[in-house]
Amino acid sequence: MSFESESKSEYPATNDAGGGDRIHVFWEEGMLRHESGNGVFDTGIDPGFLAVLEKHPENADRIRNMLSILRRGPIGRFVTWHRGRAATAAELIRFHSSDLCVLEYISELEAADKAGGRIFAAGTFLNPGSWAAALIAAGTTISAMKYILDRHGKTAYALVRPPGHHAQPTQADGYCFLNNAGLAVHLALNDGCDKVAVIDIDVHYGNGTAEGFYGSNKVLTVSLHMNHGSWGSGDKGYEYAVKELVVPSIQGFRPDMMVLVVGQDSIAEGGYHVAYAAYCLHATLEGALSASHPLLSDPIAYHPEDESSIIKAVDAMRRYFMAKMPLLKNLD
């Protein structure tokens, strides 16, 4: 997804990435005001006997490094920057509503903000500043989709926090309050797209997005995630799963628009490595540019994997889906 803007990159456009396109990145500083706290991993607990507590894994430093690498790294000359904005209540209820009460969940979030904060789920802390940041994350993602729908370009990236793919229509979950991708999908459908596909590569199941579209035949949600607590797939496993499962599904579904949810934790739990997560984002956007060669070397580059077990698992899933999913039944 991409588009034009008066805000230009400090680097001139060139074609040496291979694809000759630009990445249009949407960002707004207000998202840094979401403070998720300190403790033991994501618990927010201070046991009283530790000299140094760690930051919550979803913290602002990760995004600061991502901003820095997109501005100062090799990909910077292909980036055009755009400002984000806060979402409106009318936009939020397209995804976040129930049959019983349209504004109940949004009102619950607003009340928690006015009360000074609340724990909504394990590790999911709405603190002072969090609700404003969540509104900006949602609105910034919607803005990115809007510019694509207005046919200003092909590829946009919304750099946002808090994240969104665990947020269900009426429930915060997994560090997420508002489902950014789900809101963007609704905008695309309302704008005339007949079908939209969501591909989620976060190592955790995109349960919120999936729940929001279970009843729709206009949205295909694909989530490549681990059996929680078990690690085993590296590059080859993902490549095989995409080739054997994702690509045939997309070909069968024939969407008008694709939304990629690119949580960077498929390399390391939560994408919580403050420095390395930025490298992962850089590599992801190189792929969106169809770069003919890496623009930035990987400082780690190796993840051990049991390739044979991954292939067996993917093959088993393919057999099951081909028998059960109408859009795959007629594919080889």
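The model is predicted. An open sheet of 3 strands runs in the order S4-S1-S7 with parallel pairing. Another open sheet of 3 strands, also paired in parallel, has the order S9-S8-S10.

**Sheet S4-S1-S7**

- The order of this open sheet is S4-S1-S7, and its pairing is parallel.
- Strand S4 (79–83) and strand S7 (156–158) each have a single partner strand and stand at the edges, so one side of each lacks a neighbour in the sheet.
- From one strand to the next, the twist in this sheet averages 25°.

**Pairing of strand S1**

- Strand S1 covers residues 23–27 and pairs with S4 over 5 bridges in the parallel sense.
- Within this pairing, phenylalanine 26 has histidine 82 of S4 as its bridge partner.
- Tryptophan 27 lies opposite arginine 83, which also belongs to S4.
- S1 is joined to S7 by 3 bridges, and these two strands run parallel.
- Histidine 24 has its bridge partner in S7, namely alanine 156.

**Burial of strand S1**

- The rest of the structure largely encloses S1, because 5 of its 5 residues are buried.
- Buried here means under 20% relative accessible area.
- Side chains in a regular strand alternate between the two faces of the sheet.
- On one side of S1, Ile23, Val25 and Trp27 are buried.

**Sheet S9-S8-S10**

- This open sheet has the strand order S9-S8-S10, with parallel pairing.
- Strand S9 (219–223) and strand S10 (257–261) stand at the edges; each has a single partner strand, so one side of each is left without a neighbour in the sheet.
- The twist here averages 15° from one strand to the next.
- Strand S8, residues 196–200, runs parallel to S9 and is joined to S9 by 5 bridges.
- In this pairing, valine 198 is placed opposite threonine 221 of S9.

Conventions. Residues are numbered from 1 along each chain as its sequence is written. This is a predicted model: local features need pLDDT of at least 70, side-chain atom pairs count only at pLDDT 80 or more; totals for chains, interfaces and linings use all residues. Side-chain values use heavy atoms; hydrogens and water are left out. Two strands pair if DSSP finds at least two bridges between them. Helices (H or I, at least four residues) and strands (E, at least two) are DSSP runs, numbered from the N terminus. Axes are lines fitted to C-alpha atoms, for helices over the stretch in contact, and angles run from 0 to 180 degrees between N-to-C directions. Buried means under 20% relative accessible area, exposed over 50%, partly exposed in between (1.4 Å probe, protein chains only).
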